[in-house]
Amino acid sequence: MQPRKTDLARTALQAHRAPLDMRQRRLLILCDGQRTLADLSGLLGQDAPAMVLQLVQAGYLSTGPVTADPAPVPAATALPVAAAPLPTAVAAATPVERRRSLVAARIYVLGILEMQRHPQAAALFRDLQQARAEEEVLLRMQSAMQMLPGLTSEGYCERVRQRLLEALPLEHGNAFA
């Protein structure tokens with residue numbers, strides 16, 4: 001099986017407004033119709049097949065043959081495919097615990113600060129880059145998240161906060177919620 005993006009996925013990736021987490025977005029980007037499920041598992045980990053299944057069910061990915069002119073699928077044929085039971089290995093892998101790390105969260109915030117092109121963001125970037133102790137890194141990231149609303153839109157800030165919460169270890173999430 002070589003999953004590929006649907007028009008819904010392309011729109012979601014361009015708009016940044018779809019309810020997708022970082023790993024789902026990464027998977028959508030990698031699904032080009034050339035990579036197999038084994039390739040995706042090698043790139044994203046053992047939970048890739050479960051994520052592919054979720055994104056197929058949500059309409060973001062397609063696994064059928066490529067057609068130049070997509071024909072409507074009769075309802076009688078669509079029902080058995082949708083009602084087919086999940087393989088037990090995939091069903092057992094559905095609850096996914098994402099890997100979280102302070103380093104990944106720090107790199108993410110550094111990238112956000114670097115994109116701002118503002119002297120205050122540049123100063124915070126340098127401070128966060130030079131921070132070594134865990135408490136200092138958390139303090140610099142909190143400062144960045146407090147400064148961000150003054151530089152960007154409210155919607156962008158909320159998306160950044162959500163992505164940061166996905167990357168942060170759970171014990172540090174309360175400081176940014």
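What follows is a working chat about the predicted model shown above.

Reader: What kind of model is this, and how are residues numbered?
Author: This is a predicted model, in which local features need pLDDT of at least 70 and side-chain atom pairs count only at pLDDT 80 or more, while totals for chains, interfaces and linings use all residues. Residues are numbered from 1 along each chain as its sequence is written, and side-chain values use heavy atoms, with hydrogens and water left out.

Reader: How many helices and strands does the chain have?
Author: The chain has 11 helices and 2 strands, where helices (H or I, at least four residues) and strands (E, at least two) are DSSP runs numbered from the N terminus. Along the sequence these elements follow the pattern β-α-α-α-α-β-α-α-α-α-α-α-α.

Reader: And what share of the residues is buried?
Author: Of the 177 residues in the chain, 35% are buried; buried means under 20% relative accessible area, exposed means over 50%, and partly exposed lies in between, with a 1.4 Å probe and protein chains only.

Reader: Okay, new topic: which residues of α8 and α9 meet?
Author: From α8, Gln120, Ala121, Leu124, Asp127 and Leu128 meet Val137, Arg140, Met141, Ser143, Ala144 and Met147 of α9, with contact meaning heavy atoms within 4.5 Å. The residues of this contact divide into 7 nonpolar, 2 polar and 2 charged, where Ala, Val, Leu, Ile, Met, Phe, Trp, Tyr, Cys and Pro count as nonpolar, Asp, Glu, Lys and Arg as charged, and the others, Gly among them, as polar.

Reader: At what angle do those two cross?
Author: The axes of α8 (residues 119-130) and α9 (residues 134-147) cross at roughly 165° and come within 9 Å; axes are lines fitted to C-alpha atoms, for helices over the stretch in contact, and angles run from 0 to 180 degrees between N-to-C directions. The two helices are therefore roughly antiparallel, given that angles under 35 degrees count as roughly parallel, over 145 as roughly antiparallel, 65 to 115 as roughly perpendicular and the rest as oblique.

Reader: What about α2 and α3, how do their axes lie?
Author: The axes of α2 and α3 come within 11 Å and cross at roughly 140°, and the two helices are therefore oblique to each other. Their contact is made by Arg23, Arg26, Leu27 and Leu30 of α2 together with Leu40, Leu43 and Leu44 of α3.
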